[in-house]
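User: I would like to learn how to read a model of this kind feature by feature, with the general idea given before each case. Could we go through it together?

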Amino acid sequence: MRLTCPLCGERDRREFYYYGAEDYLHRPAEGASLAEWDNYLHLRDNPAGMTKDLWYHEAGCSQWLLVTRNTVTHAIAGVELVAERKTEQKAGRAK
Amino acid sequence: MPELIAKSALDGKSLTLGGVTLAEATVGPIHSVAVFPGGAKSTAKGLKSLGLAMPAPNSFVEKDGVRLVWTGRDQAFLVGVMPPDLDGAAITDQSDGWTVLSLAGGAAVDVLARLVPLDLRPAAFPVGQVRRSQVNHMNAVILRTAEAAFEIMVFRSMARTAWHEMESTLQMVAARAGKKI
């Protein structure tokens, strides 16, 4: 498996650290309900198909990456920097 | 204040095997230049006095023996000179934190190819470029200074391990080529 880091270029899997679903980017706002926090912390989808998750380029540029990939075909559809992401941010994220 | 003598991690060691020379390089002071958000302009102004500009990702710029090496997003290492006054960036002294190994000569690429997960062909990694990657499991900053010459920066605490790894690889490559060690 290889990921194309937007800064470093195509790199081997061993340079990256897997963190988890992109849900971690959508922290509930202050005063959010318990259900929202429960969802943020514990409830994850387990899709057969496209999924988005966070990877850390620990042996390269030390950037967090948002990777879009397919869990069925293992195809990587896109990699972007979390710091410069253009993907629409869900409402309710603390700012 | 007593005069303190700076010692290098490997005592300036060098080793030549099968036409490839591995040596500890002396590069002078190393400072990290980390640009603040919105500080790009004033950083560029400060670097102008050295005739340098922030390098593009994966590359380094060089003038009069002074290098500015890309090491991350909005970050570069200034190598070989004390930094000028810079308003737009955080400057931290890294000089004692790194050991620089130079690897040069004929089969230098074959030696490095056994240690790093990178495409080392000149088309993918041309002269004047830098890569942050790993030498086995050690994080490293690898500069290509000529077709068959590299400078490898590793954490100083890893200096002897890095030397050991590279030395054994040098021996294996020389042995494979049928050269007497």
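User: Which residues of helix H1 of chain B are buried?

Analyst: A word on conventions comes before the case: residues are numbered from 1 along each chain as its sequence is written, and chains are lettered from A and ligands numbered from 1 in the order in which they are written. This is a predicted model, in which local features need pLDDT of at least 70 and side-chain atom pairs count only at pLDDT 80 or more, while totals for chains, interfaces and linings use all residues. A residue is buried if 20 or more other C-beta atoms, placed from the backbone, lie within 10 Å of its own, exposed if 12 or fewer, and partly exposed in between; helices (H or I, at least four residues) and strands (E, at least two) are DSSP runs numbered from the N terminus. In H1(B), residues 40-48, the buried residues are Thr43(B), Gly46(B) and Leu47(B). They line one face of the helix, because seen down the axis of H1(B) they fall within an arc of 95°, the arc being that of the directions from the helix axis to the C-beta atoms. Lys41(B) and Lys48(B), on the other side of H1(B), are exposed.

User: What covers the buried residues of H1(B)?

Analyst: Contact is the criterion here, and two residues are in contact if their C-beta atoms, placed from the backbone, lie within 7 Å. The cover includes strand E3 (30-35) and strand E7 (89-93) of chain B.

User: How many bridges join strands E4 and E5 of chain B?

Analyst: Two strands pair if DSSP finds at least two bridges between them. Strand E4 (residues 60-63) and strand E5 (residues 66-72) of chain B run antiparallel and are joined by four bridges, with Lys63(B) standing opposite Val66(B) in E5(B). Their hairpin has two residues between the strands, and Asp64(B) takes a positive phi near 50° there.

User: Where else should I look at phi?

Analyst: Most residues other than glycine have a negative phi, and most peptide bonds are trans. Asp74(B), in the loop between E5 and strand E6 (75-79) of chain B, has a positive phi near 55°, and Asp74(B) is partly exposed, with 16 other C-beta atoms within 10 Å. In chain A, Ser62(A) has a positive phi of about 60° although it is not a glycine; Ser62(A) lies in the loop between strand E4 (50-56) and strand E5 (64-70) of chain A and counts as partly exposed, with 15 C-beta neighbours inside 10 Å.

User: Is Cys5(A) buried or exposed?

Analyst: Cys5(A), found in strand E1 (residues 2-5) of chain A, counts as buried because it has 23 C-beta neighbours inside 10 Å. Leaving aside neighbours within four places in sequence, the residues in contact with Cys5(A) include His57(A), Cys61(A) and Val79(A).

User: How many residues of chain A are in contact with chain B?

Analyst: Twelve residues of chain A are in contact with nine residues of chain B. By class, the side of chain A that touches chain B has five nonpolar, four polar and three charged residues, where Ala, Val, Leu, Ile, Met, Phe, Trp, Tyr, Cys and Pro count as nonpolar, Asp, Glu, Lys and Arg as charged, and the others, Gly among them, as polar.

User: Over which residues of chain A is the pLDDT below 50?

Analyst: pLDDT is the predictor's confidence in each residue, from 0 to 100, and where it is low the predicted coordinates should not be read in detail. The mean pLDDT of chain A is 90, and 91% of its residues reach 70 or more. Over residues 90-95 of chain A the pLDDT is below 50, and beyond near neighbours in sequence this stretch has ten contacts in the model.
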